Structures are given as C-alpha cells and as structure tokens.
Amino acid sequence: MAWNEPGNNGKNNDPWKQGGRDQGPPDLDEVFRNFGKKLGGIFGGGKSTGGSSGGGASAALVLILIVAALVWAFSGFYTIKESERGVVLRFGQYHDEVGPGIHWKPTFIDNVLPVDVTSVRSLRSDGFMLTQDQNLVRVTFEIQYRVFNARLYKFSVVDADSSLHQATDAALRYVIGHSIMDDVLTRGREVVRQNTRQELEGIIEPYKMGIALVDVNFRDARPPEEVRDAFDDAIKAQEDQERFVQEAQAYAREIEPRARGQVNRVMQEADAYKQQIVLKAQGEVARFEKLLPEYLAAPKVTRDRMYIETMEQVYSNTSKVLVDVKNGNNIMYLPLDKMINQGSGSSTPSNSLPLIPSRSSTDSSSSSNRTDSSRSTTTRSGRG
C-alpha cells in the first residue's frame with residue numbers, strides 16, 4: 001500500500017507526521033525558531049527564560065555577524081599592478097608601502113593608494129610671454145616626467161602634478177623674460193630649453209615631490225598673429241643669410257687647398273730651378289778648373305779643340321747644311337728640313353737641290369775673304 005493512501009495506514013506513513021491530507025507545507029517561522037534554538041544551545045543560551053522570540057532574535061543577530069565577518073574578510077584582498085606601488089594608510093596615516101602582487105588589508109582600518117611609478121607622464125605649458133626686448137611671443141613647452149617615490153609624490157605637496165605645472169610656468173617665464181625675441185624664435189631655442197630645465201629642477205628640488213624629469217621639449221614659439229608675416233620674412237632672411245655664409249665657407253674650403261697646392265708647386269719648381277742653376281754653375285766651374293791645366297800645357301791644341309766642340313754644338317741644333325768647297329766657286333745649300341718634311345710624300349729628285357750660282361772671280365775672292373775673316377773672328381772668339 002502507498003504511503004499517501006487514506007486511512008490510518010496512510011497517516012502512519014506520512015513523512016511530515018501531520019496526520020491528515022489537508023495539512024500545508026511546514027511553517028518557516030517554526031523552522032527558523034528551531035534553528036535558533038540549536039544555535040542558542042551551541043553558544044550557551046538555549047535554556048534562557050526569555051521565550052522563543054528572544055532566542056530567534058539572538059540567532060539572527062549572530063548569523064548576521066558571521067556573514068558580515070566573512071564579507072569584511074574577503075573585502076580586504078586587493079591587487080597592485082606591476083607598474084604600481086601601493087601606499088598603505090592606517091587610520092589616515094602613512095604606514096607602509098607594498099609592491100606588486102595580491103595583498104590583504106583590514107577594511108575600514110587600512111586604505112591603499114596605488115601610484116604608477118613606471119609610466120612616463122607629460123605636461124604642457126603654453127601662453128603669451130614677454131621677452132627681454134619688450135616683445136610678446138606665444139611659447140609652447142612640454143615636459144616629461146615620472147614618479148620615483150610614491151610616498152613623496154602623495155604627501156610632500158597637496159597636488160604634485162599641479163605644483164609641477166606651476167613650477168614649469170614660473171621657470172619658462174623667467175627664462176623667456178631674460179632672452180631676446182630673435183633667440184626665442186630662431187637660433188636660441190636650444191639654449192632656452194636647457195636653461196628652462198635647469199631652472200625647473202632648481203625650483204622643484206626643495207619641495208621633494210618624488211618626481212624626476214625625463215625630458216624637456218621646446219614645442220613651438222611664434223609671434224602674435226598681427227605681426228606674424230613680418231616675422232616670417234625676418235626669419236626667412238636670417239635663414240638665407242646662414243645659407244649664404246655656409247656656401248661661402250664651402251667655397252673657401254674648396255679654393256684654399258687648391259691655392260695652397262699651387263703655391264707649393266711653384267715653390268717646389270723654384271727650388272728645383274735654383275738647384276739646377278747652382279749645380280750647372282758648379283759644373284761649369286769644375287769643368288773650367290779641369291780645362292785650365294790643359295790650356296796652360298798646350299794652348300793651341302786646347303783652343304782648336306774648344307772651337308771644334310763649340311761649332312759641333314752649334315751646328316747640331318740646325319737642320320741646314322752648308323758645303324764649302326775649298327778653292328771652288330759654288331757653295332751648296334742642302335735644305336734638310338724640307339727634305340725630312342717631304343720624305344713621307346713624293347721623293348725629291350737629286351737634281352732639285354738648289355745651288356747658289358757661280359759668281360765672278362771678284363765676287364768669289366771677296367766671298368772667300370769674308371769667309372776667312374769670319375773664321376778668324378770665330379777662332380779669336382773661341383780662343384778668348
């Protein structure tokens with residue numbers, strides 16, 4: 001027979017022991033009341049005389065406290081990233097600094113402030129500034145920095161980023177105020193950048209903000225829009241001036257070595273000519289010193305030899321040949337230069353050689369006399 005069959009047998013088999021079909025589900029208040037009694041017995045309050053209602057309230061309170069304790073415990077876990085450092089505050093006061101990883105803190109007692117100490121941050125400052133020569137320029141400046149000490153960054157000043165921005169403005173305006181406009185706009189930008197960095201480091205050092213400057217960049221510097229065209233022309237003129245100067249220097253570097261080379265070549269040629277003349281003179285002197293004893297020993301033979309050598313030297317430099325026949329009337333002239341030039345062409349017949357026509361005996365004797373006189377003159381000149 002089934003457990004829910006009507007009758008006494010069915011009642012005996014009822015799992016809720018309610019004794020009838022028309023009974024509903026169990027009362028939840030009764031279930032919680034029984035659970036509270038069990039908890040009260042565990043904590044020593046099961047035999048209190050306050051009644052069942054007082055025991056249920058205490059059990060609910062204990063349950064709430066246990067759940068709250070569990071939530072409080074699990075809420076204390078937190079994670080610090082690899083690029084961060086955690087500043088732990090206990091009751092609002094600095095307590096410790098933790099590194100990357102999973103940590104636990106007592107909630108409502110400790111507070112953790114994560115600080116990024118790896119990333120490079122940037123800050124920009126711009127505005128109109130007055131130069132030393134009473135000109136107005138608009139300057140854009142950018143700095144890059146990072147945090148190296150989380151505690152100093154959080155507690156040395158109220159707001160480290162805002163303080164750094166104000167210090168950048170102060171340093172930049174100081175440097176621009178001590179520079180002329182041409183330097184700010186053109187050739188002095190690097191000097192302005194370096195001076196601004198030095199001035200900024202000097203300003204933030206006493207505050208110990210835990211910040212280190214990575215780089216300082218001079219982004220832009222331009223005049224007001226009303227006079228911008230005039231300044232563009234001035235800048236272009238300065239660029240042209242620098243370009244012309246560079247071209248002139250390049251030309252000078254090209255010409256100067258060439259001129260120095262020519263000077264060295266001329267000096268070397270002069271030295272060589274000097275040495276040649278000196279050596280030639282020394283050779284002539286040595287030749288004369290060797291010839292003098294021979295002349296003293298045989299003057300006539302020496303004079304004849306000197307004459308013959310001199311004539312050989314003179315005649316060796318010409319291509320013309322004079323044939324003087326002794327006791328003859330004809331002097332034959334051989335144009336060897338023309339014969340050499342025409343040798344590659346048509347051959348010249350032997351009978352085409354020009355001959356000086358015969359002259360009268362008077363002319364022949366006079367010519368012979370002139371020849372003898374010229375020989376005597378040459379001989380005398382050679383002997384001298």
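**View 1. The largest cavity has a volume of about 40 Å³.** The model is predicted: local features need pLDDT of at least 70, side-chain atom pairs count only at pLDDT 80 or more, and totals for chains, interfaces and linings use all residues. Residues are numbered from 1 along each chain as its sequence is written, and side-chain values use heavy atoms, with hydrogens and water left out. A search of the whole structure finds one cavity of 30 Å³ or more. A cavity is a set of points, on a 1 Å grid over the protein atoms alone, where a 1.4 Å probe fits but cannot get out. Its volume is the space filled by probe spheres set on the points, which are joined across faces, edges and corners.

**View 2. Asp182, Leu185, Thr186, Phe231, Ala234, Ile235 and Gln238 line the largest cavity.** Lining residues have an atom within 4 Å of a point. α8 gives the most, with four residues. Helices are DSSP runs (H or I, at least four residues), numbered from the N terminus. The lining has four nonpolar, two polar and one charged residues. Ala, Val, Leu, Ile, Met, Phe, Trp, Tyr, Cys and Pro count as nonpolar, Asp, Glu, Lys and Arg as charged, and the others, Gly among them, as polar.

**View 3. Helix α5 (residues 160-177) packs on helix α7 (residues 189-204) at an angle of about 135 degrees, with axes 9 Å apart.** α5 is therefore oblique to α7. Oblique covers what is left after under 35 degrees (roughly parallel), over 145 (roughly antiparallel) and 65 to 115 (roughly perpendicular). Axes are lines fitted to C-alpha atoms over the stretch in contact, and angles run from 0 to 180 degrees between N-to-C directions. Contact means heavy atoms within 4.5 Å. Among the α5 residues that meet α7 are Leu164, Tyr174 and Ile176. The contact divides into 12 nonpolar, three polar and one charged.

**View 4. α8 and helix α9 (residues 299-315) pack at an angle of about 135 degrees, with axes 6 Å apart.** α8 is thus oblique to α9. Arg287 and Glu294 of α8 are among the contact residues, as are Arg303 and Glu309 of α9. By class, this contact has six nonpolar, one polar and five charged residues.

Technical notes:
On a 1 Å grid over the protein atoms alone, a cavity is a set of points where a 1.4 Å probe fits but cannot get out, and a pocket is an open set with protein on both sides within 12 Å along at least five of seven lines; lining residues have an atom within 4 Å of a point. Helices (H or I, at least four residues) and strands (E, at least two) are DSSP runs, numbered from the N terminus.
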